[in-house]
Amino acid sequence: MSFIPDTAIIIQFAIATFIIAITPGPDMTLFVGRALSEGRAAGFACMFGAMTGIIIHTALVALGLSALIVASPQAFLALKIGGAGYLVWLAYQAIRHGSAFSPDMTKRAPRSLFQNWATGLGINLLNPKIILFFMTFLPQFVSAHDPHAPGKLFFLGVLFIPLSLPLTVPMVIAADKFAGLLKKNPTVTRIVDYLFAGVFSAFALKILTAQAK
């Protein structure tokens, strides 16, 4: 199928997704916090809300990048180079500031599953960093000269979800242990931060060196 990238690209994408999934951020903080305060069902509802947001972001980004490819492949390449710079900045931020993880463990009156789903969706859609991230992350895995680039962009964006689920689901199930691990062992989060920085720097170096040839 023409919209499926090469195996090597999928493996690279899977590695990056793995690092992203285990790096604590606003979404993970929400999932684990709700699981701790309202139960696992609430945590999962928030998680699926955020996944819905990722699908929406992926569709918008894939359509926008596809239009950019058609209009100007050179502009798309410029976006990839700019995206490489953004990935380096994210790597720097991970090393300097580390991952933020402060889940809300306060017991509250349970919200409905729909309310938790809507919260997860809202957190995802209203975070400008998400769409900026997808706009700079996804292009690193396709070529502007690939006639099947639009389909591959959408495929990779959607693939992000099943690749991350095997990591995020256990985190929600074992929310108390996961939160405790990060709180009691800051070394663990620093290792994750360095993994995040290393992988993203490698992708940035790859695209920059490729464009320099």
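Me: Which residues of helix H8 are buried?

Reply: In this predicted model, the buried residues of helix H8 (residues 175–184) are Ala 175, Phe 178, Ala 179 and Leu 182. Buried means under 20% relative accessible area, exposed means over 50%, and partly exposed lies in between, with a 1.4 Å probe and protein chains only. Helices are DSSP runs (H or I, at least four residues), numbered from the N terminus.

Me: Where do they sit around the axis of H8?

Reply: The buried residues of helix H8, among them Phe 178, cover an arc of only 95° around the axis, which puts them on the same side of H8. The arc is that of the directions from the helix axis to the C-beta atoms.

Me: And what is exposed on the other side of H8?

Reply: Asp 176, Lys 177 and Lys 184 are exposed there.

Me: Before going on, what should I know about the numbering and the model?

Reply: Residues are numbered from 1 along each chain as its sequence is written, and side-chain values use heavy atoms, with hydrogens and water left out. As the model is predicted, local features need pLDDT of at least 70 and side-chain atom pairs count only at pLDDT 80 or more, while totals for chains, interfaces and linings use all residues.

Me: How many salt bridges does the structure hold?

Reply: The structure holds three salt bridges. A salt bridge is a side-chain nitrogen of Lys or Arg within 4 Å of a carboxyl oxygen of Asp or Glu.

Me: Which side chain meets Arg 111 in a salt bridge?

Reply: That of Glu 38, at 2.0 Å from N to O. Arg 111 lies in the loop between helix H4 (73–97) and helix H5 (113–125), and Glu 38 lies in helix H2 (residues 26–38), so the pair ties together parts that are 73 residues apart in sequence.

Me: Is Glu 38 buried or exposed?

Reply: Glu 38 counts as buried because its relative accessibility is 16%. Arg 111 counts as partly exposed, at 30%.

Me: What about Asp 146, which side chain does it meet?

Reply: The side chain of Asp 146 meets that of Lys 152 in a salt bridge of 2.6 Å, N to O. Asp 146 counts as buried at 17% relative accessibility, and Lys 152 counts as buried at 12%.

Me: Where do Arg 190 and Asp 193 lie?

Reply: Both lie in helix H9 (residues 186–212), three residues apart, about one turn of the helix. Arg 190 is partly exposed with a relative accessible area of 27%, whereas Asp 193 is buried with 1%.

Me: Changing topic: at what angle do H2 and H3 pack?

Reply: The angle is about 155°, with the axes 6 Å apart. Axes are lines fitted to C-alpha atoms, for helices over the stretch in contact, and angles run from 0 to 180 degrees between N-to-C directions. H2 and H3 are therefore roughly antiparallel to each other; angles under 35 degrees count as roughly parallel, over 145 as roughly antiparallel, 65 to 115 as roughly perpendicular and the rest as oblique.

Me: Are H3 and H5 parallel, antiparallel, perpendicular or oblique to each other?

Reply: H3 and H5 are oblique to each other. The axes of helix H3 (residues 40–71) and H5 come within 7 Å and cross at roughly 40°. The contact (heavy atoms within 4.5 Å) involves residues including Ala 41, Cys 46 and His 57 of H3 and Leu 113, Trp 117 and Leu 125 of H5.

Me: How does H3 pack with helix H7?

Reply: H3 and helix H7 (residues 149–173) pack at an angle of about 165°, with their axes 9 Å apart. H3 and H7 are therefore roughly antiparallel to each other.

Me: What does Thr 17 touch?

Reply: Thr 17 touches Phe 160, Leu 163 and Ser 164, not counting residues up to four places away in sequence. Thr 17 lies in helix H1 (residues 7–22) and counts as buried at 0% relative accessibility. The C-alpha atoms of Thr 17 and Ser 164 are separated by 6.5 Å, although the two are 147 residues apart along the chain.

Me: Last one: where is Ala 174?

Reply: Ala 174 is in the loop between H7 and H8. Ala 174 is partly exposed, with a relative accessible area of 27%. The C-alpha atoms of Ala 174 and Leu 36, 138 residues apart along the chain, are separated by 9.3 Å.

Definitions and conventions. Helices (H or I, at least four residues) and strands (E, at least two) are DSSP runs, numbered from the N terminus.
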